[in-house]
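Work through the exercises below with the sequence and the model side by side, trying each task before reading its solution.

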Amino acid sequence: MKLLVPVKRVVDYNVKVRVKSDGSGVETANVKMSMNPFDEIAVEEAVRLKEKGIATEIIAVSIGPAACAEQIRTALAMGADRGILVEQDGVVEPLTVAKLLKAIIAKESPGLVIMGKQAIDDDMNATGQMLAALMGWSQGTFASKLTIEGDRATVIREIDGGLETVSLSLPAIITADLRLNEPRYASLPNIMKARKKPIETLKPADLGVDPTPRLTVLKVEEPPKRQAGRKVASVAELVDKLRNEAKVI
Amino acid sequence: MTTAADDLILGLIRIVDLPGLTAAAGQPLAAEDIEAVVREADRFAREAIAPGWQTADRAGARLENGLVRAPEHYLPLYGQWVEGGWQGLAAPEAHGGQGLPHALWSAVLELCSAADMSFTLCPLLTAGAVELLAHHATPDQAERWLPELVAGRWTGTMCLTEPQAGSDLSRLRARAEPAPDGSWRLFGQKIFISWGEHDLTENTLHLVLARLPGAEAGSRGISLFAAPRLLPDGRRNAVSCGGLEHKMGIHGSPTCIMLFDGAEAELIGAPHRGLQAMFAMMNAARLAVGVQGVGQGARALAMAETFAATREQGGKTIDQYPDVARMLAEMRATTLAGRLLALEAAASLDRARLLKSPEAEARLALLTPIVKAWCTDRGVEAASLGVQVHGGMGFCEDAGAAQILRDARIAPIYEGTNGIQALDLVTRKLPRDGGALLRTLLAEAVLVAPAIGQAAATVEQAIPAMLGAGGPVGASRFLDACGWVLGAAMVARAAAADPAHAATRDIFLRRLLPRAIAAAEEAMAG
Ligand SMILES: Cc1cc2nc3c(=O)[nH]c(=O)nc-3n(C[C@H](O)[C@H](O)[C@H](O)COP(=O)(O)OP(=O)(O)OC[C@H]3O[C@@H](n4cnc5c(N)ncnc54)[C@H](O)[C@@H]3O)c2cc1C
């Protein structure tokens, strides 16, 4: 079974994100970029399935500027076999990503797509679900455990009320939650081997997809600064402030 | 603000031009590959090695029933180190290594040493053992030992020091007696042996200096031996740990008294030529210890920057006060200079090996004592400034700044004290060509930044005195002066490659470079 793992290039989770001065988006120039952490978990899960002999080939796909090759290399160093880079500068909306992935699925016919539940840049949490809808495949989102047996996948999902177990028929879309696994460090020999693994570069047009955004971002701004706390002298003063200033009781 | 990893990547790619060097040698290493390796090593260092750093300091290594236990989390951590294949980075491919440049290893070593100096000392020594054996072992010995060491399944030690033989190895007494099977039995006591005994790996290969029967006294009668902890048939060899030192720092690294009581050993290289062979390991280790100094400075800087950006006094964060900013700027400048100087030396090693360049070999020989001593002295100073930035918190152990200072303090002492490095520079390296190569390096520095002119000229003035009777008196200050000038040139090159370093260059040239003049004048004063 082939596995498809989409990996997104995002601002590194350690970086303090800043809004561009013109309010058009967040600053990404000269900012450290990394693979979306949820996608790392997805790659790790795919590599484990390959190590168990369930998967035969792992294809890492990234959509975005040419620099996304770096994130594909990271996936290759973790154990993916080859990469596909769909080059597109500027904003790529979840629906465009889902359409591009659909076109790649048509070419590659994977038995399973494992992806992050969301990307930490815009936190959309949409692409996996959209792709499942476009394909008409089953989806197991927010997966914290994945078991494959024959042509079925059992997924334990993290939901508001606790854990839910679903059984899906393959092919399917799985989106990884934080607790699915702990991604490995790439070993030095694998980093060096990754240099020789192939990456195919495509344009959206090659896949018959129009990448023009359908949404317009009006403004991006920082959340309001939290106000400093205040000390109160007595319980009576606290109650008074809650009632008359905060008006919460 | 750039991170240590950013600067190392800039240094490797744009300053020492590793892509160009490796391409010229027909083994091209692309910029992206260099970046990928450094980034992953950085992640491993920060996420896997660094978190247990204080725990290791508090727990320390312990001796129980003759067996040494490393701090508990070192065992799984060492497993991850081996699994990551990092040990073999610069080791020959023929023995399972990756055969990558030493400059890249130097970068990885800095990041890991910054994360935990005690832990990283163990792989550092193993890499030195690999370096030695790759050059001096017989093919049969290499085949038996190198794959184990390169993979990190075994560790390596260097057993030189004895109670009466520290800086002066000519006084060492450990002796080897012939065994009927043609091998040797070692007798004697070694002290201060780092990672001499531990529970991280099943086996350890000790590289031991000792005398053959009838050997001449002094340094010409010393031979080199290898003695494994476990013998091929699984028996324990007659070498054991007689005690651990209680130290100021690097508590996680066991510093062992090693007792050789008829330990089975093999001769490495020719009889009586042991010191020359050991120099292969010592030169590698000297560069590596210089890198430890850089790593401690980098860690001190990172912690001090974070602290100063959040600690408020007088209504603002302390980093806004000129005096605190001065301390941070100095730490930043000397750390960057040391980092790049160490890369420059390691790249000279690569150039010497890959391109068979005698000129690069000579540069390496000249730079090695400077990197070892200047970078470790700056490491201690940066660590001390780091404590100062933290105020009272710095003196208390919880903040961690104090540990950096305690750990960093060993680096100017071991692998040949900094005083011995200075003598090496002045009485061995300079006389080789009457100071010609050093003059070339000084001239190159001035070409990079004309503002270095006066300092370089003062250092040059001191050369004749160093070659004469004033050498042994002025050596340490002279080495220091050389370090400041060559360090200034490295920072200037960084600023030329990336304007992000322009402010650091300006501060280095304006405020710090005059120290070169003062040191050179002190050296000449006699
Ligand atoms: C934590 C730790 C780990 C160590 N690890 C190892 C190890 O793994 N293997 C190993 O073999 N050794 C190891 N050592 C030993 C270390 O290399 C020596 O301590 C060091 O070389 C200095 O020797 P010494 O302690 O005998 O000092 P000494 O040689 O007695 O030096 C004392 C002082 O005198 C100065 N001095 C001595 N001779 C001269 C001279 N000719 N000219 C000018 N000044 C001189 C020195 O610079 C120093 O300031 C370790 C030491 C420590 C503390």
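**Exercise 1: the ligand shell**

Task: find which of the 22 residues around the ligand come nearest.

Solution: B:Leu160, B:Gly166, B:Ser167, B:Thr417 and B:Gly419 come nearest, where a residue is near a molecule if its C-beta atom, placed from the backbone, lies within 6 Å of it. The elements of chain B that give two or more residues to this shell are β3 (154–159), β5 (184–194) and α14 (418–429), with helices (H or I, at least four residues) and strands (E, at least two) taken as DSSP runs numbered from the N terminus. This is a predicted model, in which local features need pLDDT of at least 70 and side-chain atom pairs count only at pLDDT 80 or more, while totals for chains, interfaces and linings use all residues. Residues are numbered from 1 along each chain as its sequence is written, and chains are lettered from A and ligands numbered from 1 in the order in which they are written.

**Exercise 2: two helices of chain B**

Task: state how the axes of α11 (residues 358–389) and α13 (residues 401–408) of chain B are arranged.

Solution: The axes, which are lines fitted to C-alpha atoms over the stretch in contact, with angles from 0 to 180 degrees between N-to-C directions, come within 8 Å and cross at roughly 160°. α11(B) is therefore roughly antiparallel to α13(B), a term for angles over 145 degrees.

**Exercise 3: where the chains meet**

Task: find which element gives the largest share of the side of chain A that touches chain B.

Solution: The contact takes ten residues from chain A and 13 residues from chain B. On the side of chain A, α2 (69–78) and α5 (188–194) give two or more residues, and the largest share, four residues, comes from α5(A).

Definitions and conventions: Parallel < 35°, antiparallel > 145°, perpendicular 65-115°, else oblique. Contact = placed C-beta atoms within 7 Å.
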